[in-house]
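Subject: Structure handover and notes

Hello,

The structure is below, followed by my notes on it. Please read them against the coordinates.

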Amino acid sequence: ATKTATMAAVQAAVISPLAGVGVGHVEVESRGLGLKASRRPTLRTAGLVALTFFSVSGGPFGTELIIKAAGPAFALMGYVAFTMLWSVPEALMTAELSTVYPEAAGFAAWTNAALGPFAAWVDAWCSWVSGVVDNAIYPLLCLAYLQEVTDAFEDDAVLRWAFTLGFVVALTYLCHRGLDLTGTSAIFLTAFVLAPFVVMVLAAIPELEPSRWFRVRADRGGTVKLRGWINNLFWNVNYYDSASAWAGEVDPRRWGRAMKLSVGLCFLGTLLPMLAATGGTDRDYSKYSEGSYVAVARTLAGGWLARWTVVAAFFSNIGLFVSEMSSDAYQIMGMAERGLLPEILCYTHPTTKTPTVAILLSALGVLALHSLTYESIIATENLLYVVSMQLELVAFVTLVRRDPGLSRLSAKTLVLLCAPASILLCLVALIQRPLVWLLAGVLSLFGVAVYFVLGRRRSRRGWLPFRVLDPDWAARGSGGVAKYFGWDDRLLEDDDDEEEFDDDDGGHRAGPRGGGETEPPEASYTYQRLDGTDPTEHGSVVSQS
């Protein structure tokens with residue numbers, strides 16, 4: 001007798017503008033919790049663009065430190081260069097592979113398909129911790145802008161903590177209310193956040209002096225602060241891959257257009273205000289700090305625009321926080337669905353259909369890290385993100401070399417496109433202080449330890465049960481690190497019994513020792529293009545069962 005648990009992936013979608021293969025609606029019948037989640041697309045193009053905008057930049061807030069570190073000339077040129085060298089390849093990768101892997105595990109699924117389960121775990125862990133660290137910065141940015149109009153928070157540690165707690169709790173609830181609400185909210189937030197900067201740009205036109213754009217920090221007797229310049233530039237152009245966590249909520253045909261619009265919106269929404277601030281005013285750029293756009297707005301149009309900018313900054317940080325938390329939570333849920341994390345993280349609220357437990361876990365991480373300084377947060381998350389993105393770039397090129405049909409670009413073209421991005425990642429890592437390396441190293445090693453402990457102690461019936469490991473995430477062949485850590489699908493039934501993975505039986509799981517009963521995989525997948533052709537032909541990597 002066999003137990004059955006099936007996943008039907010019905011009909012592939014039309015090829016997106018940037019990708020070759022698409023998968024449409026997915027229904028999952030889960031084991032253990034008795035939930036059934038319908039993965040019908042709930043995010044339209046505008047919602048995906050808005051959420052990606054808030055995952056990446058959320059407007060020009062924070063770019064003041066780029067100007068301060070290097071002066072207008074290097075700030076503007078650096079932003080353009082980082083967008084071309086990093087944002088474009090990352091957005092392309094996200095569009096291509098999110099269409100092939102339409103699941104909440106997102107980029108972890110890509111890395112697993114290319115490099116194996118241990119590399120996928122390291123990628124997912126570093127990215128998740130980086131996202132949690134990133135979310136710890138947004139209450140600080142809100143406080144920095146509020147201090148431009150009030151001194152209430154300046155010396156009151158209790159009031160600052162109360163504000164941070166209220167900020168996190170309120171926005172965690174917004175994420176819990178549902179992804180569709182979040183996507184809709186992000187659209188309105190995007191318009192509201194960018195509106196005062198549209199006014200600022202228009203007000204700056206009569207005051208523009210292009211010669212101001214070519215000033216460098218050396219003009220004021222200083223030197224470029226390389227670490228601050230690179231860290232803040234990189235922080236303002238990354239995280240396009242976070243959008244992959246919503247791949248199961250998006251019609252695959254929308255990815256190409258959505259990523260193009262996202263890059264354009266993030267680029268113009270940041271560059272134009274920087275041009276207006278540096279070319280339309282004679283403000284001493286060596287004194288720029290978080291919140292300086294408020295002073296620029298006051299100079300160009302008066303106090304009303306300054307107050308509007310403060311409110312826009314507040315709502316921008318709300319959008320950034322919600323978008324990041326939503327992405328992190330869906331990533332965790334996706335990995336729990338595959339058997340990599342405890343099954344409780346798969347739980348979705350019966351009304352809102354959002355991953356409630358995963359959202360709460362991310363919120364607790366933010367509260368634990370809120371005491372870090374602004375610069376230490378950016379440096380730490382950048383270094384963790386470098387590890388994650390190097391793995392994803394290698395996975396992208398590996399998958400396309402293995403199956404050229406996954407991308408319209410050849411493997412050689414992708415190497416030429418990704419090589420400068422990889423070099424840029426190395427540069428970001430090399431400039432970090434030893435203390436940042438130590439903190440990021442400790443967090444990374446802790447993730448490896450978690451992988452080891454979970455692999456050794458996974459159980460299907462204990463107080464923290466796991467789902468049966470998806471065959472694609474089990475140790476392969478000799479297994480290597482994943483097999484040594486217990487990820488060859490050894491799931492403990494109780495203290496004495498184990499389930500073993502039978503490599504010679506097509507991926508079926510053997511029952512407890514001494515029994516001959518077999519069990520099929522947790523789920524099976526079927527992919528089919530709308531034109532009736534089979535996308536698994538010619539050794540395509542999307543073939544799964």
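A crossing is called left-handed if the near helix is turned anticlockwise from the far one by less than a right angle, and right-handed if clockwise. Helices (H or I, at least four residues) and strands (E, at least two) are DSSP runs, numbered from the N terminus.

This is a predicted model, in which local features need pLDDT of at least 70 and side-chain atom pairs count only at pLDDT 80 or more, while totals for chains, interfaces and linings use all residues. Residues are numbered from 1 along each chain as its sequence is written, and side-chain values use heavy atoms, with hydrogens and water left out.

Overall: the chain has 16 helices and seven strands. Of its 545 residues, 58% are buried (under 20% relative accessible area, with exposed over 50% and partly exposed in between; 1.4 Å probe, protein chains only). Taking contacts (heavy atoms within 4.5 Å) between residues at least 6 apart in sequence, 78% join residues at least 24 apart.

Helix pairs: axes are lines fitted to C-alpha atoms, for helices over the stretch in contact, and angles run from 0 to 180 degrees between N-to-C directions. Helix α13 (residues 374–402) packs on helix α15 (residues 434–457) at an angle of about 55°, with the axes 9 Å apart. α13 is therefore oblique to α15 (under 35 degrees is roughly parallel, over 145 roughly antiparallel, 65 to 115 roughly perpendicular, and the rest oblique). Their crossing is right-handed. From α13, the contact uses A379, T380, L383 and L384; from α15, V436, W437, L439, A440, L443 and S444. By class, that is eight nonpolar, two polar and no charged residues (Ala, Val, Leu, Ile, Met, Phe, Trp, Tyr, Cys and Pro are nonpolar; Asp, Glu, Lys and Arg are charged; the others, Gly among them, are polar).

α13 also meets helix α5 (residues 137–146), the axes coming within 10 Å and crossing at roughly 145°. This crossing is left-handed. I137, L140 and L141 of α5 touch Y374, I377 and I378 of α13, giving six nonpolar, no polar and no charged residues.

Helix α12 (residues 356–369): its 14 residues should span 20 Å at 1.5 Å a residue, and the end C-alpha atoms are 21 Å apart, which agrees. The expected span is 1.5 Å times one less than the number of residues. Buried residues of α12 include I359, V366 and L367. Their cover includes α4 (117–135), α6 (157–177) and α11 (303–337).

Leaving aside neighbours within four places in sequence, S87 contacts F82, V237, Y240 and V263.

Regards
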